[in-house]
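Here's a quick briefing for anyone opening this structure for the first time. Have a look at the sequence and the model, then read on.

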Amino acid sequence: MPITNLSLLFKPFILSLFLSLSCLLFLASNSPLHRKTKFNQTQTQLSSDLRIRPGYSSYDAYIEHQLNKTLNPKLRQVWKTRDWDRKVRVFAKFFESFKQRNLLFNESKALSIGARVGQEVAALKRVGVSDSVGMDLVPRPPLVVKGDFHAQPFENGTFDFEFSNVFDHALYPWKFVGEIERTLKPGGICVLHVALSRQTDQYSANDLFSVKPLVELFKVSELVEVRRVDGFGLDTEVVFRKKKVNN
């Protein structure tokens, strides 16, 4: 067969192969395990009761600043030893309260966002929620996996329950909340512990002055409850339930 005819035969095959590879690369780059957070992703007008702290030249600079705390060897040693029993005990009381209010069940698949060395996960398991895991920039297996709360490494609709006391660390609060709503199952519960009465530490990336911005950020969830708590410097507990999809 002439070479020109062979070339014509192979052209459709090569074109098909190129399109298939392009499609696969696109899908891989957009899967939950390959989600990237870009710096300076802006949100439409934020409430005046939620203020983003300035000072980061890039997203990498923000991550590096957060890691200064998370990787601090003295802090990690305290979290794993002196602080461990106390925090597990206090978190267990919170989680037991959620169970009594029918917000959390032994059968729930639960996530702790910003779990550090895993005290919250240990507390969840202590109260009977065995299918629970934490997520933080620095993993600590088997309790904590590596993940950025601006781009959680989980599939859509994975969890029945998500807890976090690190909302103030979110540089992009709308992405923080959006990822919670993405990974919660319909009807799933999110509990946030936040500080409203005072500013938090130097590692906070935003300041929250009322619950109103949270209500605005949770686009597909309804506010269930707001109450005062004493949670390691955080004073307010806010509970949301993701709305169920109407058939």
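Tyr59 has a relative accessible area of 8%, so it falls under the 20% cut-off and counts as buried. Keep in mind that this is a predicted model.

**Aromatic pairs**

- Searching the whole structure turns up 16 aromatic pairs.
- One of them is formed by Tyr59 and Tyr172, and it is stacked, with 6.0 Å from centre to centre and 10 degrees between the planes.
- This pair ties together distant parts of the chain: Tyr59 sits in helix α2 (residues 59–70), while Tyr172 is in the loop between β5 and α6 (173–183), 113 residues apart.
- Tyr172 is buried too, with a relative accessible area of 5%.
- Phe154 and Phe159 make an edge-to-face pair, because their planes stand at 90 degrees, with the ring centres 5.0 Å apart.
- Both partners are tucked away: Phe154 is buried at a relative accessible area of 14%, and Phe159 is buried at 2% relative accessibility.
- There's also a cluster, in which ring pairs link Phe91, Phe95, Phe98, Phe161, Phe163 and Phe232.

**Where α4 meets α5**

- Helix α4 (residues 84–100) and helix α5 (residues 119–126) have axes that come within 8 Å and cross at roughly 55 degrees.
- That angle is why α4 is described as oblique to α5.
- As for handedness, the α4 and α5 crossing is right-handed.
- On the α4 side, the contact is made by Trp84, Lys87, Val88, Arg89, Phe91, Ala92 and Phe95.
- On the α5 side, Gln119, Glu120, Ala122, Ala123, Leu124 and Arg126 take part.
- Sorted by class, the contact of α4 with α5 has 8 nonpolar, 1 polar and 4 charged residues.

**A closer look at α5**

- How much of α5 is buried? The count is 6 of its 8 residues, so α5 is largely enclosed by the rest of the structure.
- The buried residues of α5 are Gln119, Glu120, Val121, Ala122, Ala123 and Leu124.
- What do those buried residues pack against? Their neighbours are α3 (73–80), α4, β2 (110–113), β3 (132–136) and β5 (159–164).
- Just after α5 comes Gly128, which takes a positive phi of about 105 degrees.

How values were computed:
Residues are numbered from 1 along each chain as its sequence is written. This is a predicted model: local features need pLDDT of at least 70, side-chain atom pairs count only at pLDDT 80 or more; totals for chains, interfaces and linings use all residues. Side-chain values use heavy atoms; hydrogens and water are left out. Axes are lines fitted to C-alpha atoms, for helices over the stretch in contact, and angles run from 0 to 180 degrees between N-to-C directions. Helices (H or I, at least four residues) and strands (E, at least two) are DSSP runs, numbered from the N terminus. Angles under 35 degrees count as roughly parallel, over 145 as roughly antiparallel, 65 to 115 as roughly perpendicular and the rest as oblique. A crossing is left-handed if the near helix is turned anticlockwise from the far one by less than a right angle, and right-handed if clockwise. Contact means heavy atoms within 4.5 Å. Ala, Val, Leu, Ile, Met, Phe, Trp, Tyr, Cys and Pro count as nonpolar, Asp, Glu, Lys and Arg as charged, and the others, Gly among them, as polar. Buried means under 20% relative accessible area, exposed over 50%, partly exposed in between (1.4 Å probe, protein chains only). Rings of Phe, Tyr and Trp (its six-membered ring) pair if their centres lie within 6.5 Å; planes under 30 degrees apart count as stacked, over 60 as edge-to-face and the rest as tilted.
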